[in-house]
Amino acid sequence: MAALTSLSFSSLSQCSERKATISSTRFLGSTSEAYGFRTTFLYHFGGVRASISSPKMVIQCMSSVADPPTVSETKLNFLKAYKRPIPSIYNTLLQELIVQQHLTRYKKSYRYDPIFALGFVTVYDQLMDGYPSDEDRDAIFEAYVKALKEDPDQYRTDAKKLEEWAKAENSTSLVEFSSKEGEVEGVLKDIAERAGKGDFSYSRFFAVGLFRLLELAKASEPASLEKLCASLNINKRSVDRDLDVYRNLLSKLVQAKELLKEYVEREKKKREERAEPQKANEAMGITK
């Protein structure tokens, strides 16, 4: 895990720990094989509910839902909100992820916090990195979050505030939030207090959010993560485990995207080669 804490998220998205062992044909020929990692992804990174009541950075209990929508209704909401086709490598993950996030979203015990928001935004942006259109990627994010009856602006706003705050911190000041006053410091204090009482709902997106804070504060040494977890009363072993899962998933996703790119390029070349004789014949017909 020490190696992981010295890596940036940009380098994580580019890493490839092992060569892919499936051919390009098999990759697109069998969805279940090509996305063999997707179940692990969904198990480890199920979503949670965000606060939509205020533009301020707040921690809020999730209200009980007397008659929650079904999974099918949530998926249908997403499809209605974003009607354009989505490439399969992204759509498969998004569709199944939204199912898992739906199940967590309507639990009564979850509490939203901005660290989670930062983690979710980070994971989403990494998964959708390289999407053909930035505009469509943003539209998909909005449709996805709204399908869960949440506020995408709240996610982005909280994530941005935390990123800006972390950039002004360092490895020492980041863990000394308890002795300072401020909006973000208040959020961290609340998390630490609740975690100390056993009243904090830890999530794997929360782990990613913590690491993102450390990266932005340029606190990449392993001791920084340990100190931050201690200050927040969070189990570091859980954070280590979840960050390892995240790194491995990004590596596999990169491999899948590379295989898809190779397949698309090869098919394009084949189409061009098949079209050449036809173009030649058409040219000859014109000259006659």
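**View 1. Helix H5 passes helix H6 in a right-handed crossing.** A crossing counts as right-handed if the near helix is turned clockwise from the far one by less than a right angle, and as left-handed if anticlockwise. This is a predicted model, in which local features need pLDDT of at least 70, side-chain atom pairs count only at pLDDT 80 or more, and totals for chains, interfaces and linings use all residues. Residues are numbered from 1 along each chain as its sequence is written, and side-chain values use heavy atoms, with hydrogens and water left out. Helices (H or I, at least four residues) and strands (E, at least two) are DSSP runs numbered from the N terminus. H5 spans residues 71–81 and H6 spans residues 88–105; their axes come within 10 Å and cross at roughly 130 degrees. That angle makes H5 oblique to H6. Angles under 35 degrees count as roughly parallel, over 145 as roughly antiparallel, 65 to 115 as roughly perpendicular, and the rest as oblique. The axes are lines fitted to C-alpha atoms, for helices over the stretch in contact, with angles from 0 to 180 degrees between N-to-C directions.

**View 2. Residues of H5 meet residues of H6.** From H5 come Val71, Thr74, Lys75, Phe78 and Leu79, and from H6 come Gln95, Ile98, Val99, His102 and Leu103. These contact residues divide into 6 nonpolar, 3 polar and 1 charged. Contact here means heavy atoms within 4.5 Å. Ala, Val, Leu, Ile, Met, Phe, Trp, Tyr, Cys and Pro count as nonpolar, Asp, Glu, Lys and Arg as charged, and the others, Gly among them, as polar.

**View 3. Leu93 is a buried residue of helix H6.** The relative accessible area of Leu93 is 6%. Buried means under 20% relative accessible area, exposed means over 50%, and partly exposed lies in between (1.4 Å probe, protein chains only). Leu93 and Leu127 are 34 residues apart in sequence, and their C-alpha atoms are 9.0 Å apart in space.

**View 4. The axes of helices H9 and H11 come within 7 Å.** H11 covers residues 204–216, and the two axes cross at roughly 40 degrees. H9 and H11 are therefore oblique to each other, and H9 passes H11 in a right-handed crossing. On the H9 side, the contact is made by Leu162, Glu163, Trp165, Ala166 and Lys167; on the H11 side, by Arg212, Leu213 and Leu216. This set divides into 5 nonpolar, no polar and 3 charged residues.

View 5. Lys149 lies in the loop between H8 (134–147) and H9 (152–167), where it is partly exposed with a relative accessible area of 44%. Asn233 lies in the loop between H12 and H13 (236–287), and Asn233 is also partly exposed, at 43%.

**View 6. Ser224 is found in helix H12 (residues 222–232).** Ser224 is buried, with a relative accessible area of 3%. Not counting residues up to four places away in sequence, Ser224 touches Ser171, Val175, Leu214 and Ala219.

**View 7. The protein chain has 13 helices and 2 strands.** Of its 288 residues, 47% count as buried. Among contacts between residues at least 6 apart in sequence, 81% join residues at least 24 apart.
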